[in-house]
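Have a look at the model, then try each task before reading its solution.

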Amino acid sequence: MDEFYQKIINEPEFRNWSTGGHKSNLIPVILAGKTAESSAFQKASRMGIRIVLHTSMEDCLERLLGQRETFHKIVSRAGPRL
């Protein structure tokens with residue numbers, strides 16, 4: 001989280017020069033894997049960073065596109081094939 005936040009505030013386009021942080025109209029988002037540690041969620045929340053899990057993103061896209069099943073769900077249901 002610290003490294004991501006430092007990269008954001010070091011970009012002149014996103015930096016709020018009066019406070020030394022990121023601009024108030026900026027919502028930093030990290031797309032993570034299937035899980036994240038609770039401490040990462042807590043730290044990100046304090047920094048104003050949002051964490052979106054990959055599985056949440058898949059489900060959201062599925063609903064938005066009107067698809068009943070994602071490719072990942074079809075493959076996981078089929079199981080391993082030899």
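**Exercise 1.** Why does L61 count as partly exposed?

Solution. Start with the ground rules: this is a predicted model, where local features need pLDDT of at least 70 and side-chain atom pairs count only at pLDDT 80 or more, while totals for chains, interfaces and linings use all residues. Residues are numbered from 1 along each chain as its sequence is written, and side-chain values use heavy atoms, leaving out hydrogens and water. Next, the cut-offs: buried is under 20% relative accessible area, exposed is over 50%, and partly exposed lies in between (1.4 Å probe, protein chains only). L61 has 44% relative accessibility, so it counts as partly exposed. As for its place, L61 sits in helix α3 (residues 54–65); helices are DSSP runs of H or I with at least four residues, strands are E runs of at least two, and both are numbered from the N terminus.

**Exercise 2.** Work out which residues of α1 are buried and which are exposed.

Solution. First, pick out the buried ones: Y5, I8 and I9. Finally, the buried residues pack against β1 (15–16), β2 (21–22) and α2, with contact meaning heavy atoms within 4.5 Å.

**Exercise 3.** Find what I49 touches.

Solution. Skip residues up to four places away in sequence, and you get M1, F4, Y5, P28, I30 and A44.
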